[in-house]
Amino acid sequence: MNVAAYAQVLVVEDDMGTATLEERALGRLGCHVTIISDLEGALTHIRETPPDVVVLDFRLGNSPAWPILEAGAAANPSIPVIMVTAMGDERVASEAIQRGASGYVIKTGEFVVRLSQAVENALRVSRAERELQQMKEWQSAVLGSVDAQIALLDADGHVILVNDAWREASSAPESGDESYGTGQDYFAVVEDLYRVEGPYAGPVAEGVRAVLDGKETQFRLEFPCVRRTGEERWYRLDVSALRHGAHPGAVVMHMDISERVREEAIRLENAELLDSILHGVDEGILVVSEEGELLTHNKAAESILGAAAVRSGRDWLTWLDDASGNAEMLSHSGGNPLVQALAGTVVTEHESRLTHPDGQAVYISLNARPLTDRRGAARRAVATFRDISERIARDLEMRRIAAAVEQTADAIIITDTDGVIEYVNPAFCAMYEYATGEVCGEHTRMLQHPTQEVSVFDALWAALKLGETWTGRFNNRTKAGALLIADVTINPVRDGNGQVLFYVASERDVTQQIALEARARQSQKMEAIGVLAGGIAHDFNNILAAIEGYAHMASTNLNPNSQANEDLKFVIRGAVRAKALVRQILTFSRQSEATMKPVLVDAVITDSVELLRATLPSTVRIRTNLILEDALVTADETQVQQVIVNLCTNAAHAMKKEGGEFEIRLSLAAMKPGDEALAALGLLPGDYAHLEVSDQGEGIPQDVMGQIFDPFFSTKKEDGGTGLGLSTVLGIVKEHGGTVSVESEVGVGTCFHVYLPLCKATNSKIVRLKQKRVPHGNGEHILVVDDEEAIARLSGRMLDRLGYVTTVFVDAEEAVAAFAENPDTFDLVLTDLTMPGIRGDGVAQKVRAIRPEMPVILLSGFSEVAEVDKSQVYCVLSKPAQMADLARVIHEALSQRSMSSNS
């Protein structure tokens with residue numbers, strides 16, 4: 001039976017963290033817990049709503065809690081009080097017990113378990129004491145109803161003095177009108193009132209006469225009799241000789257013990273009941289004499305300790321000192337608990353390891369208290385105990401696990417189901433530079449770095465609420481605020497019923513690894529750009545030479561003043577600038593931030609293949625199989641292209657000796673719950689773009705397969721490989737929420753699998769990204785600003801052909817002045833970013849200061865994008881902008897402005 005079910009427990013604790021921990025532990029027992037943090041409130045609660053148990057912190061604020069212990073004991077001494085403290089001083093425990101505490105628990109690593117056990121024990125003892133007190137009160141009431149009838153006799157046996165009880169008995173209705181008071185013959189009174197029959201008649205008269213004659217000083221006899229009414233009663237006769245001067249006599253006391261006789265019968269019945277209770281409880285019970293002799297025990301004691309051990313006649317005052325083996329797992333109160341109990345000390349939760357005569361060991365948790373005689377001396381000790389062997393084994397296992405957790409190099413964090421930190425290991429403290437006490441009780445959001453995407457937590461909690469493991473990467477921060485990038489795995493921990501109790505997170509610091517991968521990607525990007533540029537430079541220069549040459553020839557056949565000739569001059573200038581641009585590409589080397597946006601994977605593959613064809617040997621061909629169309633992923637288009645180029649470059653390298661054809665394939669991979677194949681890759685349920693690059697090359701040996709994604713590992717160092725290609729690929733894909741796997745067989749070929757999560761986009765979004773038709777304007781007025789006259793004129797003519805009205809300026813200040821003079825006549829501003837005087841973003845700021853809703857589109861070199869305040873512009877286009885791209889962006893900006901004004 002659960003004695004703690006529905007028990008009312010008052011927790012007096014001013015540390016809310018400890019109080020919450022105690023409330024949770026006692027709540028698991030079924031208790032109803034009330035938390036009060038101050039003495040006055042606790043005393044009021046005890047007086048007005050007495051609880052079943054009080055759990056009292058030894059120190060509230062800066063003062064010991066003795067007042068509440070003493071006042072609570074005075075107000076209601078039947079309420080057990082369990083003292084809780086972080087101090088392990090035995091004197092404090094002794095003083096707490098002396099002041100009225102029924103138990104004492106120290107805040108150690110096993111504090112919650114021991115507190116629960118102490119509360120259960122206190123409830124058991126309290127209930128047993130109440131039942132015993134009730135029985136004593138009942139017995140006292142029965143005994144108190146018996147009044148002694150006392151008479152003083154002279155030497156002749158005449159009554160010379162009686163008490164009220166005698167008078168009341170002698171004048172009872174059954175005696176008629178006759179009164180048996182003073183002057184009556186005692187023997188006649190007895191014969192008339194107490195009809196002693198059978199073998200007791202003679203002894204009563206003879207005993208009294210022997211005392212009166214001086215032959216005996218005392219006489220006692222218990223006898224049955226029949227009252228005049230016919231009622232059968234039992235009396236105890238006590239006669240003591242009385243010597244008063246020269247007149248001898250005797251004091252006679254009649255005690256109606258009929259109730260006592262009946263009471264003894266009841267006591268015998270109760271003893272049998274108590275015996276059945278004693279043997280019916282699950283806890284073992286022992287009663288030991290001060291010599292160490294076992295006086296009594298119950299069946300549970302034999303079950304726990306073994307019948308042979310209990311009946312062996314051993315000295316219990318020495319056997320309980322045995323605590324060898326796993327002593328660190330036990331809680332000792334110092335010395336043998338029975339010896340302490342016999343000395344008058346109450347011992348609670350004493351844990352010992354006992355060895356049976358057959359060598360078997362058992363661990364017990366024991367409570368002992370003294371049993372005192374009438375003079376208050378402890379002549380016996382009673383012990384109640386339970387088997388904790390299973391708990392000790394479990395604790396030992398948990399200690400081993402804890403030792404492993406304490407010594408692991410990864411940071412371990414345990415939180416409750418709301419994300420509040422309950423435990424961190426030393427690796428965490430070293431990694432984040434926090435002390436344990438600084439983080440326990442805090443929410444994990446305290447570790448979140450401002451750069452962390454909040455959307456990641458939606459997927460995290462969605463997985464955890466389903467009871468699934470979540471793996472991902474966090475941007476966290478140390479105590480000093482420094483960025484710490486961690487690869488994280490979070491697992492839910494369930495109880496036996498499958499209910500999630502808490503979460504365990506394992507974190508590994510990959511900040512340096514990420515930095516290394518970033519540098520590696522940069523190096524690989526430079527390598528890839530060099531390969532591409534070297535492959536296309538020759539052909540591109542030939543094309544530019546043809547453009548320039550034919551333009552010059554055409555120019556000579558035209559009227560120098562014609563518009564066509566004027567146009568050709570700009571073509572020639574453009575060709576010259578293009579040749580300079582080719583030279584710049586060959587020396588291009590810079591670092592750029594990732595620009596995440598919806599990207600059509602099939603379009604990126606198509607563009608990448610066109611770029612690659614010029615770099616491949618004539619013996620190697622590319623085949624594309626794009627099964628999945630309109631596949632949108634949220635990504636940096638340049639980085640996705642880098643992944644494709646790196647994998648294709650590796651495929652071509654693997655086939656350079658024999659030649660042949662490698663394939664790029666794009667398909668849909670639907671990850672469903674329970675899909676073990678994709679789950680093994682660490683993917684969560686959802687749809688993924690599945691990119692495969694497979695070749696028929698040399699293959700990868702199995703002994704190096706596990707190293708191919710390591711930075712600077714390469715199998716082609718003799719060809720100038722840096723070993724950064726595949727590590728760059730893996731880093732990019734991981735940053736995009738995907739993964740990479742590989743299959744390879746030596747002599748057959750290799751296939752790389754790339755999984756990128758598809759983003760949700762409407763069909764209209766896809767159409768907008770792929771549409772071929774160039775939208776036209778309806779006479780909207782566009783202000784064009786570019787310090788290069790050729791670009792300005794070309795932009796103006798392009799927009800004129802698209803149906804717009806343009807005003808072109810090559811001076812930014814003049815353009816701003818013109819806008820300020822007639823701001824309502826313009827519908828959109830198209831401006832270059834880098835210009836003398838006022839930059840393009842400065843033009844945007846001045847224009848929007850006049851008309852905040854005015855859309856501004858910037859044209860810029862790619863390296864300058866990061867410098868732009870994007871809140872002031874609609875978008876930034878890289879130069880040179882294609883006519884179709886420019887037309888679509890302008891159309892979207894004007895449409896959005898129109899919708900905003902209508903709403």
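**Figure 1. Salt bridges across the model.** This structure holds 21 salt bridges, each one a side-chain nitrogen of Lys or Arg within 4 Å of a carboxyl oxygen of Asp or Glu. Keep in mind that this is a predicted model, where local features need pLDDT of at least 70, side-chain atom pairs count only at pLDDT 80 or more, and totals for chains, interfaces and linings use all residues. Residues are numbered from 1 along each chain as its sequence is written, and side-chain values use heavy atoms, with hydrogens and water left out.

**Figure 2. Glu-283 pairs up with Arg-124.** Their closest N and O atoms sit 3.5 Å apart. The pair links distant parts of the chain, 159 residues apart: Arg-124 is in helix H5 (residues 111-144), while Glu-283 is in the loop between helix H9 (258-280) and strand E13 (284-289). Helices (H or I, at least four residues) and strands (E, at least two) are DSSP runs, numbered from the N terminus. Glu-283 counts as buried because its relative accessibility is 15%, and Arg-124, at 30%, is partly exposed. Buried means under 20% relative accessible area, exposed over 50%, and partly exposed in between (1.4 Å probe, protein chains only).

**Figure 3. Arg-391 meets Glu-351 in a salt bridge.** The N to O distance here is 2.9 Å. Helix H14 (residues 389-407) supplies Arg-391 and strand E15 supplies Glu-351, 40 residues apart. Both residues of the Arg-391 and Glu-351 pair are buried.

**Figure 4. Glu-349 has a positive phi.** Its phi is near 55°. Most residues other than glycine have a negative phi. Glu-349 lies in strand E15 (residues 347-355) and is buried, at 3% relative accessibility.
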